[in-house]
Amino acid sequence: MAEQLFDDQFLRRLEYLYLVSRKMFRGRLRAKRRTRIVGSGIEFADYRDYVPGDDLRYLDWNILARMERMLVRLFEEEEDLSIYLLIDCSRSMRTAGQEKLVYAKRLAAALAFVGLSNLNRVSVIPFADQLLDRLPPSRGPGQIFKVLRFLERSHDSATRTDLAVALRSFVAQNRRRGVAIVISDFYDPKGFEEGINALRFQKFEPIVCQVHDETDLEPLLFGDVELVDCETGARVEVTVTRELIKRYREVHRRLVSQVEQFCRAKGAMYFAAPVHLPFEDLVLAVLRSGGFLK
Amino acid sequence: MQFLGITGSLFVTLLAALGGAIGLMYLAKLRRRRVQVPYSPLWAQVLVERQARSLWHRLKRLTSFLLHLLVLLILLVALRDPRPLEEAVDGRHLLILVDTSASMGIRDMPGGLDRMEEARREALQALEALSPRDRVMVVRMDSQVVPLMPFVRPAPWVAEQIGQLQSSASKADLPAALSFVARSLAYRSRPELLVITDGAFPPEAIEAAAAVDLPGNLVRRMVQLGSATGNVAITAFNVRRYLANRLNYEVFVQLSSSFDVPVTVELTLLANDRPVHRSEVELPAWGSAVRTYPNLATGGNRIQAQVRIQSGDAVDLFPLDDTAYALLPHDRRRRVLLVSQDNLFVEAPLLLDQTLEVTRMSPVHYRTSAQAAANPSLDYDVTVLAGSAQPIPDRGGFLFLYPTGVHSPWPARGEITDPIIDRFDRTDPLMRWMQGFRSMNIRRAARLSLTEADLAVARTIEGDAMIVRREEGERRLVGVAFPIEESDFPLRIAYPLFILNALEWLAGGQDRLVESVETDRAARVFTGHRAAGEARLIPPDGEPQLLPIREGYVTIFPDRPGFHELTWEEPEEEAPAAEGERSARSRTLAVNFFDPEESQIAAGDLFRLDAGQAEEPQRAGALPVKEEPRFYLVMAALVLLVLEWITFNRRVTV
């Protein structure tokens, strides 16, 4: 899969994304975001009362002299943005020639490249019913090949999807807040809401990319068949007709719509990611939305 | 309803076995295919909304099973070959008589077909209409009546035999064919006769055919083909060398026309495939013309005459009789040994023929040579012995002029004075072109003693032979009983003619005219030796044919016009024959199709085979074809299968 995943053409398309992202963020602070915590920055932010243990170097002596009140000066600390790329590697992502998983990995690679190029900290975490692996946060454009090598690993040991368990584990293991991009088909029998909420409640900024391919929308089935769920093994006997296919499309559209509406309602960004859509278009859409890189 | 196919018990057995098999396959089919999907809850939601295993669906499955059983039933019934009861199909004996005469090769049928192709199509159609219990025999009718098979069950190989039928270069013998039909169908059950012909028979043949006593219960059908009327034919063609000038030759051609209007034709003569003469000939309507072309001198001995219509309003559709073939005898030199004591009367006629190679020898020298070594005559075609007779070998030709002495083949019993010849055989080869010996003065003659092998060609009034010839084994003798210099014979025109005739006959050459062979007639060719063997006849464009040699003769029966090559091996035990025609190991034969009746190609009027009981004759394409219920049953089974596939089995799988 390595050759197919990140070939020369893919790398050329990454270069293009890099150039486009540079153009979009020209004139802004370069890959930096500020936090209102005491830090080593130089931009004054606020005062607060002195408590024992505070560094006396930040004590405002002028105010103490005039008003006999001990106040400590707060500065905005310059902080790197942490980008977490959460990739669903369950079995449902690997059906029909693994098109969805390949697409998800390419999308993750592209987003990671843009993030690294803008001096952010990028981490990649494959998951299914739990976290499968972890690429520690990397920084700087030179780390892109490390990311690509990590993505080239096959994470096919997992079967089921459990967004809630996996994302709860993620927030427990990563105390540093940041943008959490979840790339998945959201085929979770237990539902997707709990997982996304786990991110939101722990101050992560979730960005949802729902991947689906042609056979998800238009299954090539006809006649009497026994359908077997690739993750759960559940079986359903069905006589597939045109009418039934039409109804299936309706139900699938409903699922997609539910995910989208939930994200919008909760302030999370949502992107539909059909595999036939060029991933660079999707990356640009994410960049233009403003939620990525801030 | 009657069934001609498989038996009832086999039908039931097959129905049970195959029906059971279909049942098993149906049960196997009930098991659904397994397909993996990424997220089955979506399908579960769909099914909640719609009950998949509806009553219609279950009914549809049962319908599929029943349709399969119905298809099986229909196919088995088709195998039983059902027929209407009124159709008499049990054990018919059909004799298909196909006219393969020369006129069947005419290309005047719709679609550019010739009559023979149409006849084959009609015969195949009749064959297809037969049931397995019928028997069929196909008979070819031209100058010979040839059955291609005995009565057999209809089978593909019979169709192959019909497909190989070709028109021959001969005329059809309808009476003989119908006689054969009468004998073949005499004791057969349900006899039927189908005659496929163009009906181009002379009235007397139809009359003779009507007189044939055909079986009373014979069902007769006749299909008549063809429509063309006009034709131009070469009905006679000969070529011969001149007696005096053997280098030149003369051609005789007879042309006939069966067009209703006068036509102009171009006649081309070819020698060894090269045109040597071309002329136009006017032919009256339904008339003929005779032409001779004298003094042709081009080299080559294979002469052809080709005729082509010039008139724009006439088309000749029958090419078989547009070309005729003839052979010129080879102009070879003959060696003559003249044993004479300067007898100029004998020498003079020998100078007339430029092809003679004359060697002179005195009687004394001849006798000495004959005693010392081999007889000098062995090296010559003909030996002329003037005066005293000499010893001669047992091979060759010998002309004795007034033979006397102990070596004379005809011992003299005395002498006749002033004999008068008043009887001679004008048809004898020695007497060709001669008017006779009337008032010929002869001073004296020997009274020759004849044997049974002798033939007296000319006699006196008392019956004494004056000119005699004998043929014994490979030796030929001619004797003249009187000394020619003591008669006025040398002063007459008949004298050189006689000498040349005698030399011609003695040399074995009757080859100023090489007669051609006609198609559909047997001809015997002498090989020159008596041993049995095998000869090979190579037609102009066909497969070589091996023929037996019996008593030195090969009997050939050529079936197409053109130059045929006959070759054979000389037997080793026999001494090689003298150089000449008789010793050749191959011989070319000119074969012609000369048949004025067959050249009148107009399709005959419709006629009845038997005025009493025949069905009406039918034109091509009118032959009734039996219905085949099996065909419709198989088609119905196919329709049901397609229906079943569309309603149930159609699917596009992942």
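**Reading chain B**

Modeller: Chain B has a secondary structure of 12 helices and 33 strands, where helices (H or I, at least four residues) and strands (E, at least two) are DSSP runs numbered from the N terminus. The model is predicted, so local features need pLDDT of at least 70 and side-chain atom pairs count only at pLDDT 80 or more, while totals for chains, interfaces and linings use all residues. Residues are numbered from 1 along each chain as its sequence is written, chains are lettered from A and ligands numbered from 1 in the order in which they are written, and side-chain values use heavy atoms, without hydrogens and water.

Biologist: How is a pocket to be read, and what is the volume of the second largest pocket?

Modeller: Rolling a probe the size of a water molecule over the atoms shows where empty space is left. On a 1 Å grid over the protein atoms alone, a pocket is an open set of points where a 1.4 Å probe fits, with protein on both sides within 12 Å along at least five of seven lines; lining residues have an atom within 4 Å of a point. Grid points are joined across faces, edges and corners, and a volume is the space filled by probe spheres set on the points. Here the second largest pocket has a volume of about 670 Å³. It is lined by 29 residues, and those closest to its centre are B:Gln166, B:Ser167, B:Ser168, B:Ala169 and B:Asp559. Helix H4 (residues 115–128) of chain B gives the most to this lining, with 3 residues.

Biologist: Is B:Ile467 buried or exposed?

Modeller: Buried means under 20% relative accessible area, exposed over 50%, and partly exposed in between (1.4 Å probe, protein chains only). B:Ile467, in strand S24 (residues 465–472) of chain B, is buried, with a relative accessible area of 0%. Beyond its neighbours within four places in sequence, B:Ile467 has contacts that include B:Leu430, B:Phe437, B:Leu455 and B:Phe498, a contact being heavy atoms within 4.5 Å.
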